[in-house]
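Visitor: Could you walk me through this one? I would like to start where the chains touch.
Guide: Gladly; here it is.

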Amino acid sequence: MKKFFLGVFILLVCLSVIAQATKPKRQFAGKTRIIWTTDNNPAREQQIAIFDRQFPHLKLSIDPTNNDMSKIIVQTLAGIGPDVIDCYNRMQLMTYYQAGILADITDMAQKAGTTPDICWKSARENMMINGRQYGFPTNPGPWVIFYNKDIFDRCHVPYPKGDWTWDEFVEVAKKLTIKGPDSRRNETFGVMGYDLQEAIWQNGGHFYSPKGTRCTLDQPAAIQAAQWLIDLQFEHKCAPSPSEEESMAAAGGWGQGVITLFDAGRLGMIRYGRWGLIVWRKNPKIRIGVAPLPYRREKATTFVTRISTLNKKSLYMREAFNFMKFLASEDYGNQINDSADNLAPVKRLCYLPRFMKNPEYPQEDYNDVFRQEMKCARSIEVSPFVNPFVADRIYRRYIDLMRNQSMTPVEAMQGAAKEINAAIADYVKKTPGLQAEYDKAVAEDK
Amino acid sequence: MTRRENDWRTALMFLAPNFLGFMAFMALPILFSLIMAFTNWQMTEKVPLQFVGFENLHSLLTEPRFWKFLGNTLYLMMGIPVGIAGSLFLAIILSKKLRGIVAFRTMFYLPTITSGVALFILWKAIYNPEFGPLNTALAGIFDALGLHAKMPDWLLSIAWAKPAIMLMGIWTAVGGTNMLLYLAGISNVPPELYEAAEIDGAGRWAMFRHVTWPQLAPTTFFIVVMSAIGGLQGGFEQARVMTGGGPAESTITLGYFIYQKGFEEYQLGYASAIAWVMFVMIFALTLVNWKFGKSAFDVEV
C-alpha cells in the first residue's frame with residue numbers, strides 16, 4: 001500500500017514538473033512576451049507579425065480563451081492578468097475602470113505621441129475617463145446602411161444617395177419588402193437591425209442627462225423614436241417582427257446573425273459596420289452599396305470600436321505600452337483599412353488615397369461614406385453613477401416588453417427611465433465617495 | 001505502531017486526497033461565500049470590502065425581482081410531479097420482459113447522457129414559431145378542424161416562454177435518472193407479492209395500487225426530495241442557451257439570478273446572499289419533505 005501511495009506521489013510530482021516546464025515563459029528566445037487578451041480573429045496573425053517586426057525585443061502572444069470579464073478582473077487583481085486587455089465597448093471600459101484594474105497611460109501617451117488628438121474625435125470619449133487616458137482604439141468606425149443592389153433593382157427603387165430622412169427611408173424599406181409566392185411569408189424585408197439608442201439621437205434625444213445623473217428615456221424624443229422603431233415592425237411591416245426574425249434565422253440556416261441573412265439576399269438594407277465586408281468579400285454574387293443612416297432631427301450614428309487597455313498590475317507595463325505605439329502606427333492602420341476590419345484608429349491614415357481605392361476590391365466605391373459618417377458618430381451614453389450592465393439589463397427588459405407588445409412605447413420608455421433612475425440612486429447610495437461627485441453633477445445638470 | 005494504528009493511518013491516507021479536495025474546492029468556498037454574504041464584496045478596488053450585516057438580505061427580500069424570479073422558479077417546478085408520474089409510467093412499461101427492451105431503455109435514457117446545450121438548441125428549433133415542427137403540427141391540426149388560430153411564439157412570448165421551458169423539462173425528466181431509479185425499484189419488488197395478488201384476483205390497477213406503489217414508496221420519496229432540490233437550483237442552462245433569461249426576464253430563475261448578480265453586475269457579496277437564501281429554502285423544503293413525506297410515502301428512514 002505504501003508503495004502505491006509513493007508511486008502516486010512521484011507521478012504527481014512528475015506531472016507538476018512537466019506542467020511547470022511547458023508553461024509559456026515570459027522570456028521567449030531573449031524576448032519579453034506580451035500577453036494580449038482578445039478574440040482569435042484571422043487578422044490577428046498579421047497584426048502580431050507587424051508588432052513583432054516593429055518591436056524586435058518583444059514577442060506578442062494572444063490569449064483568446066481568456067476573454068471573460070470576471071476572469072480578467074480576478075486575474076488582474078491577483079497580479080497574474082494579461083498585459084493588454086481589449087474592451088469591446090464603453091460599458092466594459094467603465095466596468096474595468098470601476099474595478100480599478102486599468103493603467104492610467106496619460107503621461108506615457110503624451111511622451112509617445114499616442115494621444116487622443118491623433119484619433120477620430122469620437123474616440124476620445126471611449127479612451128478617456130475623467131480627463132485621463134486609459135487606452136487606445138483598435139478599429140473604430142460608424143454604423144451605416146448596407147444595401148443589396150439586386151433587391152433595389154428588382155423593386156425598381158433608385159439607390160440611396162447621400163443623406164435621407166426617416167420618412168424617405170421608410171418608403172424605400174416598404175418598397176423592398178417582397179411577399180413570397182404563398183403570400184404568407186415575406187421573401188425579403190426592407191430593413192433589419194435598426195437600433196433604438198441611435199434613433200433617439202436622430203430624433204434629438206438622449207439616454208442620459210449631460211452629466212449622467214438621470215435617465216431621459218421618458219422624454220418625448222425618446223418615446224417618439226421608440227414608436228418609430230416599433231412602427232417599422234408592426235405598422236409598416238417592413239422590418240421583421242421578433243418571431244419573423246427567429247423564423248428567418250432558422251430558414252436561412254446560417255445562424256441568427258443579421259449579416260448572414262443579408263448575405264443570403266433576404267434583406268434589402270441592414271445597419272452594419274465596415275467589418276461586414278470581411279464576409280461579403282467572400283461572396284462574389286452579392287452587390288453592395290453603402291448609405292448613411294437616416295435621421296429625423298439630427299444626423300447621428302454610434303461610434304463603435306474595441307479599445308486596448310493596459311493592466312495596472314502588469315510586471316511588463318512599460319514594455320506593454322509599446323502596444324499603444326503599435327496601434328498608432330501606419331503599418332497597423334493600413335492593415336485595418338485594407339482588411340476592412342473597420343477604420344484605422346489614426347484619422348490621418350483614412351485620408352490617404354490607399355483607403356479610398358483598394359486595388360483588390362475595385363467595386364468598393366463607397367469608402368468615403370464611412371469617413372463622412374465619422375463626423376456624426378457618437379459614443380454610447382453611459383452614466384458614471386450606475387453599473388452600465390445594470391442599466392442595460394433594465395433597458396433591454398423594457399425593449400422586450402415593447403417588442404412583445406405587452407407595453408406601448410410610452411409605457412416602456414417611462415418604465416425604463418423610472419427604474420434606471422432608481423438604480424442610479426441605489427448605486428450612489430452604496431458607492432462610497434460618490435455622493436459628492438453626484439451632487440456636483442446634479443447641480444451642473446440643472 | 002500497533003496494527004490498529006497502522007490501519008487508521010492507511011485509511012486516512014486513502015481519504016486524504018478526497019478530503020483535501022473537498023476542503024479546498026467545496027467546504028472552504030462555501031464557508032467563504034457565507035462570510036461574503038454579509039459584505040459588500042464587488043471584486044473591485046474602488047469599493048473597499050465592508051461588513052454590511054444583513055443589508056444584502058434586506059435588499060434581497062425587498063427587491064421585487066427576487067420574488068419574480070422565485071415565482072419563475074416555482075412555476076417551472078410545477079412540472080416536477082408530471083415528470084415523476086411520467087417516469088413511473090415509462091418505467092412500468094420498460095420493466096416488461098419484451099424483445100429488444102434493452103434497446104428501448106437505452107433510447108429513452110439517451111437524452112440524459114446527451115449534452116444539455118445540444119438538447120436545448122434542438123428544442124429551440126422545435127419551438128421555432130413558423131418553421132418548428134411543433135407549430136407545423138399544431139397548425140395542421142387546427143387547419144383540419146377548420147380553425148385558423150395564430151400559433152404561439154413559444155420562446156419569444158412572455159406568456160408562452162415559461163410553459164415552453166417547463167414542457168421541455170418534463171420531456172427531459174421522464175426518460176431520465178428517475179426512470180432508472182423506478183426501473184431498479186420495480187425489479188426489486190418480490191414477485192411472490194404479485195403472485196399472491198393474482199391468486200386473490202387483483203386486476204392490473206389493483207396490483208399497481210396495492211403492490212407496486214407501496215413497494216416503490218422509498219424510491220418515490222427519494223425522487224421527490226431530489227427533484228425538489230434540483231428544481232429550486234435549476235433553470236440556469238435552459239435560460240442561458242434558449243432565451244438569455246428573456247423575454248423581459250420571464251425565464252430567469254434563482255440560479256440564473258445568482259449568475260447575473262455575481263458575474264454580470266459583479267455584486268458577489270449580494271450573489272452569495274442569494275445563494276444562501278436559496279440554500280435555506282432548499283433546506284426547509286427538504287425538512288418539510290422529510291417530516292411529511294416519510295409518513296405520506298410510509299417510508300422508514
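Guide: A salt bridge joins the side chains of Arg393(A) and Glu249(B), at 3.7 Å from N to O, where the term requires a side-chain nitrogen of Lys or Arg within 4 Å of a carboxyl oxygen of Asp or Glu. This is a predicted model, in which local features need pLDDT of at least 70 and side-chain atom pairs count only at pLDDT 80 or more, while totals for chains, interfaces and linings use all residues. Residues are numbered from 1 along each chain as its sequence is written, chains are lettered from A and ligands numbered from 1 in the order in which they are written, and side-chain values use heavy atoms, with hydrogens and water left out.

Visitor: How many salt bridges cross the interface of chain B and chain A?
Guide: The rule finds three. On the chain B side, α1 (3-36), α2 (55-61), α3 (64-77) and α14 (254-264) each supply at least two residues that touch chain A; helices here are DSSP runs of H or I with at least four residues, and strands are runs of E with at least two, numbered from the N terminus.

Visitor: And how much area do chain B and chain A bury between them?
Guide: About 3,000 Å², 59% of it on carbon and sulfur atoms, taking buried area as the accessible area (1.4 Å probe) that two parts lose on being put together, summed over both. The contact (heavy atoms within 4.5 Å) takes 35 residues from chain A and 31 residues from chain B.

Visitor: Switching topic, which strands form the open sheet in chain A?
Guide: The order is β8-β14-β16, with mixed pairing, and two strands pair if DSSP finds at least two bridges between them. β8 (141-142) and β16 (377-378) of chain A are at the edges with a single partner strand each, so one side of each has no neighbour in the sheet.

Visitor: Which residues stand opposite each other there?
Guide: β8(A) runs antiparallel to β14(A), residues 301-304, over two bridges, with Pro142(A) opposite Phe303(A) and Gly141(A) partnered by Val304(A). β14(A) and β16(A) are parallel, also over two bridges, and there Thr301(A) stands opposite Ala377(A).
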